[in-house]
Amino acid sequence: MTDSAHSDSAGAEHFDVAVIGTGSGNTFLDERYAHLKVALLEEGVFGGTCLNVGCIPTKMFVYAADVAESARGAARYGVDAHVNGVRRADMVDRVFGRIDPISAGGRTYRVEDCDNVTVFEGHARFVAPRTLDTGTGAIITADQVVLATGSRPVVPDAIARSGVEYLTNEDAMRLEEAPEHLIIVGTGFIAAEFAHIFAGLGSRVSIVGRSGRMLRHLDDEISAHFTGLAGGRWDLHLTAPVRSARRRPDGTGADLELDDGTRLSGDALLVAVGRAPNADLVGAAAGGIDLTSDGRVRVDEYQRTSAAGVYALGDVCSPYQLKHVANHEARVVGGNLLAERAAGERPAELRAADHRFVPSAVFTHPQIATVGLTEAQARAQHPNVTVKVQRYADVAYGWAMEDDEGLCKVIADRDTGALLGGHIIGAQASTLIQPLIQAMSFGLGAAEMAHGQYWIHPALTEVVENALLGLDV
Ligand SMILES: Cc1cc2nc3c(=O)[nH]c(=O)nc-3n(C[C@H](O)[C@H](O)[C@H](O)COP(=O)(O)OP(=O)(O)OC[C@H]3O[C@@H](n4cnc5c(N)ncnc54)[C@H](O)[C@@H]3O)c2cc1C
Ligand SMILES: NC(=O)c1ccc[n+]([C@@H]2O[C@H](COP(=O)([O-])OP(=O)(O)OC[C@H]3O[C@@H](n4cnc5c(N)ncnc54)[C@H](O)[C@@H]3O)[C@@H](O)[C@H]2O)c1
């Protein structure tokens, strides 16, 4: 403990539990905590990334882009439809007119209606173990602290230092006028979703990457297939990073030069090259909290950090950076804090977080969803692997849709029949993947899953059934 922390914390208000971050950190403080004195610390708006600038608003725009794409593609089914225009300002009003009151209501609830909760609205950081400078002038101490501070966009140096104005997920959805030409730097989740949002709603989109393909975290076959489809929709530059950026001569937009000499000029620039955990800005060392080599808060299977009584959850500690993972970890932490308080002399009965089969979906066009191992990972880890790729076009509903893009790929261990991975690209992929997640989570083998239940005919789920039937198990 530093001297200043000693003097600061003398007379500091003491709490039973302090939670930093009101994204997933604000989800477990329910009636079980009503008898405890709780501090809730937040430097931004209530609700965190998912509600305000992440999952929810993006999907509201994705849905609008899906509607527009459906209209554009309707003629092949004999329905003549046309997108007459996109009222962007109305869209922004619709999205944030619904979201902003939820965030404000969440704040009001904690500030005015929860007698046991004190809200500190400032940038919080540890000044000593379980001692926090709240950023409001007050120093507090707590028996238990939860770090749920999330992550923030990374900006490549070539752009950050250039003085060019750029957008991130934090502001791109508030634009009341869509750029005619949007350049996106990055090839991951956010790039793929925002490319669909902006292109679907009428902008021309260019994408700049350096790894040769889109969504390279995915199974190679799915990533290659998506990159091919994306190349037909958007202008892709995937082999050279940005060398320099400057404003256009008229002072607007951005002129980019890539490492291979390519020049691109856009009305707006969106940066989406990953998100850094907010572990470096919380005084982790003063709090006795270890970080991983890639900058996350280090946690054990119970979400405990290296500092006694300090837990972490969500993007600040997780390699997944997904909301359903943050929510799961919040449930685990919410129970473990209480278990630790109840333990007394006995060791606490803590619950471990379950990260065995973490699924994810990219809400782009077409949708993509994945769970478990890629084929390359499966072949590296299992000597005898069987793989089946089922086309949407070859099952009844996919055929009815004349869908020539969709694929479902399943991977299993030929020796045991266990499912190792599921990867779907195509309409409703984020929904179709769920039976595969369920089977893997509960240990249901591929053959049992395929044969042991009815599959509704002619539903699109038959693409999963037929993929399973095609495995050599
Ligand atoms: C554009 C976008 C789309 C996404 N879409 C999806 C999706 O479809 N599905 C999905 O599963 N995931 C999605 N994600 C990821 C998901 O949003 C995050 O994984 C999740 O929100 C992380 O939750 P969290 O509680 O860890 O952090 P956050 O929700 O970011 O909460 C952290 C909170 O801590 C506050 N804070 C930070 N530092 C301090 C400090 N020092 N003092 C006080 N307060 C502080 C922040 O202001 C913030 O309110 C998306 C992310 C983005 C950016
Ligand atoms: N649907 C969802 O679940 C969803 C949606 C959006 C975001 N997210 C979460 O948010 C995280 C952050 O999203 P993201 O898209 O920013 O990151 P990401 O990690 O998904 O992708 C970033 C990509 O940018 C590329 N890149 C890195 N540096 C680059 C550079 N200098 N120039 C060009 N390309 C570069 C990387 O190769 C990588 O492919 C995701 O990892 C994901 O966990 C989830």
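Before using the record I noted that UniProt positions are given here in the numbering used for this chain, that feature names are shortened, and that annotations may be inferred rather than shown by experiment. I also noted that the model is predicted.

**Entry 1: the annotated binding site**

I looked up the feature "binding site" in UniProt, where an unreviewed entry places it at Gly186, Thr187, Gly188, Phe189, Ile190, Ala191, Ala192, Glu193 and Gly274. These residues span 89 positions in sequence, yet no two of their C-alpha atoms are more than 13.4 Å apart, so they gather at one spot.

I then took two of the listed residues in turn. Gly188 sits in the loop between strand E8 (181-185) and H6, and I found it partly exposed, with 19 other C-beta atoms within 10 Å. Setting aside neighbours within four places in sequence, I found Gly188 in contact with Leu215, Ala272 and Gly274. Phe189 belongs to helix H6, and with 23 C-beta neighbours inside 10 Å it counts as buried, the threshold for that being 20 or more.

**Entry 2: the shell around ligand 2**

Which residues come nearest to ligand 2? Of the 25 residues around this ligand, I noted Gly188, Phe189, Ile190, Val273 and Gln321 as the nearest. Helix H6 (189-200) and strand E17 (360-362) each supply at least two residues of the shell, and H6 gives the most, with 4 residues. Sorted by class, the shell around ligand 2 holds 13 nonpolar, 8 polar and 4 charged residues.

Gln321 is found in the loop between E16 and H8, and with 20 C-beta neighbours inside 10 Å it counts as buried.

**Entry 3: the annotated domains**

UniProt, again in an unreviewed entry, lists "domain: FAD/NAD(P)-binding" at residues 15-329. I computed that this span is 28% helix and 22% strand, and that its end C-alpha atoms lie 22 Å apart. The record also places "domain: Pyridine nucleotide-disulphide oxidoreductase dimerisation" (unreviewed entry) at residues 358-467, a stretch that is 34% helix and 26% strand, with its end C-alpha atoms 21 Å apart.

**Entry 4: helices H3 and H4**

I next examined helix H3 (residues 55-72) against helix H4 (residues 88-113), which pack at an angle of about 145 degrees with their axes 10 Å apart. H3 passes H4 in a right-handed crossing. On the H3 side I listed Ile56, Pro57, Met60, Phe61 and Ala64, which meet Met91, Val95 and Ile99 in H4. By class, this contact has 8 nonpolar, no polar and no charged residues.

Asp90 also lies in helix H4, and I found it exposed, with 11 other C-beta atoms within 10 Å. The C-alpha atoms of Asp90 and Glu176 are separated by 8.3 Å, although the two residues are 86 apart along the chain.

**Entry 5: backbone details**

Where did I find cis peptide bonds? One runs from His365 to Pro366, with omega near -5 degrees, and Pro366 is placed in the loop between E17 and strand E18 (368-372). Another joins His457 and Pro458, with omega about 0 degrees, and Pro458 lies in the loop between helix H13 (446-451) and helix H14 (462-469).

I also noted Gln303, which has a positive phi of about 70 degrees although it is not a glycine. Its place is in the loop between strand E15 (275-277) and strand E16 (310-312), and Gln303 is buried, with 28 other C-beta atoms within 10 Å.

Terms used. Residues are numbered from 1 along each chain as its sequence is written. Chains are lettered from A and ligands numbered from 1 in the order in which they are written. This is a predicted model: local features need pLDDT of at least 70, side-chain atom pairs count only at pLDDT 80 or more; totals for chains, interfaces and linings use all residues. A residue is near a molecule or strand if its C-beta atom, placed from the backbone, lies within 6 Å of it. Ala, Val, Leu, Ile, Met, Phe, Trp, Tyr, Cys and Pro count as nonpolar, Asp, Glu, Lys and Arg as charged, and the others, Gly among them, as polar. A residue is buried if 20 or more other C-beta atoms lie within 10 Å of its own, exposed if 12 or fewer, and partly exposed in between; C-beta atoms are placed from the backbone. Two residues are in contact if their C-beta atoms, placed from the backbone, lie within 7 Å. Axes are lines fitted to C-alpha atoms, for helices over the stretch in contact, and angles run from 0 to 180 degrees between N-to-C directions. A crossing is left-handed if the near helix is turned anticlockwise from the far one by less than a right angle, and right-handed if clockwise.
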